[in-house]
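Please keep the structure open alongside the text.

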Amino acid sequence: MAEEGLLLVSPSRASSSSLLSEISKASTKPFVLAFIVGSCGAFAFGCIIGYSAPTQSGIMQDLNLSIADYSLFGSILTVGLILGALICGKLTDLVGRVYTIWITNILFVIGWFAIAFAKDVWLLDLGRLLQGISIGISAYLGPVYITEIAPRNLRGAASSLAQLSAGVGISVFYALGTVVAWRNLAILGSIPSLMVMPLLFFIPESPRWLAKVGRETEVKAVLLSLRGATSDVSDEAAEILDYTEHVRQQQDIDGSGFFKLFQRKYAFSLTIGVVLIALPQLGGLNGYSFYTGSIFISTGVSSHFGFISTSVVQMFGGILGTVLVDVSGRRTLLLVSQAGMFLGCLATAISFFLKENHCWETGTPILSLISVMVYFGSYGSGMGTIPWIIASEIYPVDVKGAAGTMCNLVSSISSLLVAYSFSFLLQWSSTGTFLIFATVIGLGFVFIATLVPETKGKSLEEIQSLFTDPPPDDSTIF
């Protein structure tokens, strides 16, 4: 997770309003409230990511912190992410989606207040750790909950728009951090979660989770509240219940537990989910995000102009991806996104090569700026949101918790590896660093083109059957 660098900008107000209007027309008040809750969770996440950069000098001065102290404050968020990833699957399966949303928002609030009232570094770090745990849980929980309650024709757009709310939070806190003191900014950070909590009394539990835990009689009632009292939900309810019963029978045969995820019949879906989640990180996302300013300065670009330009481009990339995800499909957008990120990464490598060899010195800054704009614009259009959407679609309810834990762990660890190693790689070779990232992205394009099927327009049960129909030998991978 990047805490500095490029602002992840949200869709424009007009585009967001259009999608919200479509969601409102196609769904009922409980679904719209649930969508708002999911979006506010992503917004709260963005606020946390955007908090540390503009508040660094104020926190260090007021609490007399060293660089090492503040570095721990920033990095302990990643520790919390890993801890949250370890428990997210079991927690959401055990207590349900809505109660887990309660837990994450309580942790958000406690974390913000611990930071706001910190007199010593230990309370500051504790607050940040609690926030990391909450993010680690909600990063998978949010997409899962929205995909499990959304109509199939709006599932991709609703999930994308909710995920893009994180960009709003980052942008808002970067802006507020320049004029609001760090303690007051932490108080403001708690407001989204405090506003969400009353709404949690009015949003429904996931019908898929209800079916999983044996509360079949509630499934149709929840679907009617989500789709409208006059809607015919018989087929949808029957499909959910029939598939859940099929999964339950398989569970009686295969057993349960975390390691069930590693059975051969889940190998395909596990590979798809893990690789898609890891690709943006291993393709240099954190390197770009942490060191965007350094890239611009090293190649002679004004960092202020660079940030504004790339933010605008990413905004339009995010808008385009959100609008098209249920039109062109997930797979097409992933391919376009990967191709754009590859070209951006390759152009960045070329700009560093030209700079180091003193070639085309007048054009190098322009090439560098364009390369970063292409990279982030392409990332925003597909790879920023779709991997999590697909990961929330492809796993059956019996392994969804374990899969969520695995995907979150892969995301956190790959993010940490790239963030830690990036500066060392740059010292070795700036050009070589971005060629490595371009190679990873190119391999990711081949992976998506050859192995990732389209999930647009299918029910969750159809998707999960597509991915997990067992082969003749249903032994474990290991």
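Helices, here and below, are DSSP runs of H or I with at least four residues, numbered from the N terminus. The model is a predicted one, and its features should be read with that in mind.

Although N64 is not a glycine, its phi is positive, at about 55 degrees. Is N64 buried or exposed? Its relative accessibility is 69%, and because values over 50% count as exposed, N64 is classed as exposed.

Helix α4, which spans residues 97-116, and helix α5, which spans residues 121-149, have axes that come within 8 Å and cross at roughly 155 degrees. Since angles over 145 degrees count as roughly antiparallel, α4 is therefore roughly antiparallel to α5. The crossing of α4 and α5 is left-handed, and the contact of α4 with α5 comprises, by class, 17 nonpolar, seven polar and three charged residues.

Helix α5 also meets helix α6 (residues 155-176), where the axes come within 9 Å and cross at roughly 150 degrees. This angle makes α5 roughly antiparallel to α6, and here α5 passes α6 in a right-handed crossing.

In general terms, an α-helix has 3.6 residues a turn, so residues three or four places apart point the same way.

## Cysteines

How many disulfides are counted in the model? The count comes to zero. For C47, which is in no disulfide, the nearest cysteine sulfur is that of C40, at a distance of 9.7 Å, whereas a disulfide would require the pair of sulfur atoms to be within 2.5 Å.

As for accessibility, C47 has a relative value of 0% and so counts as buried. C345 is likewise buried, with a relative accessible area of 0%.

Along the chain I463 and I390 are 73 residues apart, while their C-alpha atoms are separated by 9.7 Å.

R227 is found in helix α10, which covers residues 217-227. Is this arginine, R227, buried or exposed? R227 has a relative accessible area of 14%, and because buried means under 20%, R227 is classed as buried. The C-alpha atom of R227 is 9.4 Å from that of I149, a residue 78 positions away along the chain; residue 149 is also where the range of α5, residues 121-149, ends.

A419 belongs to helix α18, residues 400-428, and with a relative accessible area of 21% A419 is partly exposed. A separation of 8.9 Å lies between the C-alpha atoms of A419 and L285, although these two residues are 134 residues apart along the chain.

P54 lies in helix α2 and is also partly exposed, its relative accessible area being 22%. What distance in space separates P54 from G177? From C-alpha to C-alpha it is 5.0 Å, for two residues that are 123 residues apart in sequence.

Notes: Residues numbered from 1 in each chain as written. Predicted model: local features only at pLDDT ≥ 70, side-chain atom pairs only at ≥ 80, totals over all residues. Heavy atoms only, no water. Axes fitted to C-alpha atoms, helices over the stretch in contact; angles between N-to-C directions. Helix = DSSP H or I, 4+ residues; strand = E, 2+ residues; numbered from the N terminus. Parallel < 35°, antiparallel > 145°, perpendicular 65-115°, else oblique. Left-handed = near helix turned anticlockwise from the far one by under 90°. Nonpolar A, V, L, I, M, F, W, Y, C, P; charged D, E, K, R; others polar. Buried < 20%, exposed > 50% of the residue type's maximum accessible area, 1.4 Å probe, protein only.
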